[in-house]
Amino acid sequence: MITREIRGLRVSAAARFDAIAEAYETWGEDCVNHLTGDFAFAICDSRRQKLFCARDHFGVKPFFYAQVSGGLIFSDALVELREHPEVSDELNETAIGDYLLFGVNQDLSSTTFRDIHRLPPAHCLSVSNGSVVVRRYWEPSISNEIRFRDERSYVDRFLELLTEAVRERVGTERVSVLMSGGLDSTSVAAIACEMAEVRACTVAYDELIRDEEGRYSTIAREHLGIQGTRINADGYGLFEGVLQQPEPFFISVLGGQFKDSLRACADHGRVALTGWDGDALMNERRQSRFGLRSLLKRLLPRKPLDQHPAWIDESFAKRTNLHERWQASFHHEPIRKQSARIRVLNSPMWPAIFEGYDRSVTKLDLEVCHPFMDLRLVEFLLAIPHAPWCVNKHILREAMKDRLPAAIINRPKTPLAGDPALQLVRRASVRWLDSFEVNPQLERFVNLDRRRPLADEQTSDGLWANLRVYALNHWLTNSQPIVRRNLINNDRAYKTSIA
C-alpha cells in the first residue's frame with residue numbers, strides 16, 4: 001500500500017499526484033523517467049518499507065529535507081524545517097561564500113543552513129533500511145537524433161510541443177503573463193490567448209535607461225487584444241520593498257519591482273506564465289536586452305577575475321577554500337567543454353530563480369509556471385540540428401510569424417542600454433547604503449574596511465558584488481532564529497522514520 005505524503009508539496013496540473021502514484025505503482029522508482037511537468041513529491045511505500053521522493057527536471061518545485069533523531073523531515077518550504085527543535089540555525093559558510101562571489105549557491109544539494117539540504121533538480125531520494133540515498137535520474141544532452149524530411153515538420157512539431165506545455169500549465173480561465181517586449185514571453189501570451197483570458201504584466205524603464213520593452217510589449221499586447229499592467233521601474237530604488245527570502249537571494253536588490261509584478265499577476269488570477277528561458281535554448285549568440293529577466297542574469301559574474309573581491313574576510317576565505325573554488329568555477333575543464341545550452345540548463349541559477357517565484361516564498365496565491373522549461377520541449381530542441389533552428393530563435397520566429405506582429409518577429413538585437421543599478425548608485429538617495437548598520441554576523445564573512453563605496457564602483461560586476469554585501473547584511477538581520485514547535489501539528493512539514 002502507498003501512503004501519499006503530498007501535503008505541502010505542490011504538483012502542477014502537468015503531473016497530478018494520482019498520476020504520480022499510478023506511475024510509482026507501475027514502475028517503482030523508475031517512475032521519474034515517465035513523468036513530465038513540474039513536481040515535487042514524496043511517496044511512503046509501506047509494502048517496501050521505503051520513502052521515495054523526487055523533484056522535477058529543472059527544479060521548478062522546491063524540496064528541502066533534514067535528518068533528525070533517526071528520521072527525516074521534508075517540505076517545500078525551507079522555513080518550515082527551521083521550526084523543528086533539532087534543526088540548528090548554524091549557517092553553511094560555503095553557501096554564504098558562494099552567494100557573495102556568484103550571487104547564488106553553487107552546490108545544489110545544500111542550503112544556507114548547515115542542517116537543511118536541498119534535493120537538486122532531476123534528483124530523487126529514497127529512504128530505507130536506515131539509509132538515505134540521493135541519485136540523479138536525468139541530465140540534459142545533445143543527441144541530434146531528430147531529422148525530418150521537410151523544414152515545416154520541425155516548426156509544426158515545435159509548435160505542438162510548446163502549445164501543449166502552455167496548455168498544461170494554464171489550467172484556469174484567467175492567466176497572467178510576465179511579458180517583456182521580447183519574442184519568448186509574447187509567444188507564450190499568444191498561445192495562452194487561445195486557452196484563457198490573458199493579462200500581460202510588463203516591467204519597463206522610461207527615464208533611468210534607454211529601454212524599449214514597454215513600447216514593444218504594447219505592440220504585442222494590442223495585436224493580441226489583451227489588457228495589461230505596466231510597472232514603471234523608474235519608481236523603484238535599490239533594496240526598496242526587499243523580499244523576505246528564506247535564503248539570501250540575488251534579486252533582493254530589485255525586490256520592489258519583482259514583488260509588485262507578481263502582485264499584479266495575483267490580482268488577475270492564480271496562474272502566471274513566464275518566458276524563461278527561450279534565450280538559453282534557442283539563441284546561444286544572443287545580446288541581452290534590459291528588463292527584469294536580463295537584470296536577473298546580469299547579477300551573476302560572467303568572466304573570471306584574478307582573485308576574489310578584496311573585501312572577503314581572509315580567515316573566512318581560508319576556512320572555505322574560497323579562492324580555489326573561485327578559480328575552479330571559471331576553469332573547470334569538463335564544464336568549459338560543454339555546449340552553452342547544456343551549461344545553462346545545469347546552472348545553479350535556475351533553482352534559485354524558480355524557488356524565488358514559488359508561492360511558499362512570495363506568500364501569494366499565485367502559481368508561476370515556465371512553459372519553455374518543459375521536458376518534452378527541451379529534449380526536442382536538444383535533439384534537432386542546432387543550425388538553423390536554434391540560431392537567432394529561428395524555429396520560434398517561424399512558428400509565431402502568423403501570430404505575432406512583424407515588429408516583434410523581426411525585432412533586431414540591441415546592445416545593452418545600460419545598467420540601471422549603476423545609474424541609481426550615482427543618486428544621492430542611495431549613499432546611505434555605504435553607512436548601513438552592520439549585523440555582527442557579517443564580520444565573519446566581510447572585511448568592511450576593504451569594501452569600496454558604491455559610488456566608486458565603475459563596472460556592473462563590481463557593483464553587483466558590492467550590493468550583495470548589503471543584501472547579505474539585510475538578510476542576516478531579518479532572518480533571526482524562529483520559534484521552534486512540535487512538527488506533529490504542522491500541516492506543511494512531514495517526518496518519516498529512517499529505521
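Serine 261 is found in helix H7, where helices (H or I, at least four residues) and strands (E, at least two) are DSSP runs numbered from the N terminus. The model is predicted, so local features need pLDDT of at least 70 and side-chain atom pairs count only at pLDDT 80 or more, while totals for chains, interfaces and linings use all residues. Residues are numbered from 1 along each chain as its sequence is written, and side-chain values use heavy atoms, with hydrogens and water left out.

At 2% relative accessibility, serine 261 counts as buried; buried means under 20% relative accessible area, exposed over 50%, and partly exposed in between (1.4 Å probe, protein chains only). A polar atom of the side chain of serine 261 lies 2.7 Å from the backbone oxygen of phenylalanine 258. A polar contact is a pair of N or O atoms within 3.5 Å; within protein, one must be able to donate a hydrogen and the other to accept it, and residues adjacent in sequence count only if both atoms are side-chain atoms. Serine 261 and cysteine 201 are 60 residues apart in sequence, and their C-alpha atoms are 6.6 Å apart in space.

The loop between strand S11 (227-232) and helix H7 (255-268) holds glutamine 245. Glutamine 245 is buried, with a relative accessible area of 12%. Leaving aside residues up to four places away in sequence, glutamine 245 touches Val361 and Trp475, where contact means heavy atoms within 4.5 Å.

Strand S11 also belongs to an open sheet of five strands in the order S11-S10-S9-S12-S13, with parallel pairing. S11 and strand S13 (367-369) stand at the edges with a single partner strand each, so one side of each has no neighbour in the sheet. From one strand to the next, the twist averages 25°. Within the sheet, strand S9 (residues 174-178) and strand S12 (residues 271-273) pair in the parallel sense over three bridges; two strands pair if DSSP finds at least two bridges between them. Serine 176 has alanine 272 in S12 as its bridge partner.

Next come the helix pairs. Two packed helices are described by the angle between their axes and the distance between the axes. Axes are lines fitted to C-alpha atoms, for helices over the stretch in contact, and angles run from 0 to 180 degrees between N-to-C directions. Helix H4 (residues 151-170) and helix H5 (residues 183-192) pack at about 75°, with their axes 10 Å apart. That makes H4 roughly perpendicular to H5: angles under 35 degrees count as roughly parallel, over 145 as roughly antiparallel, 65 to 115 as roughly perpendicular and the rest as oblique. On the H4 side Leu159, Leu162, Thr163 and Val166 meet Val188, Ile191 and Ala192 of H5. The contact of H4 with H5 has six nonpolar, one polar and no charged residues; Ala, Val, Leu, Ile, Met, Phe, Trp, Tyr, Cys and Pro count as nonpolar, Asp, Glu, Lys and Arg as charged, and the others, Gly among them, as polar.

The axes of helix H3 (residues 93-102) and helix H21 (residues 460-478) come within 8 Å and cross at roughly 140°. H3 and H21 are therefore oblique to each other. Ile96, Tyr99, Leu100, Leu101 and Phe102 of H3 make the contact with Arg468, Val469, Ala471 and Leu472 of H21.

Helix H14 (residues 349-357) is largely enclosed by the rest of the structure, because nine of its nine residues are buried.
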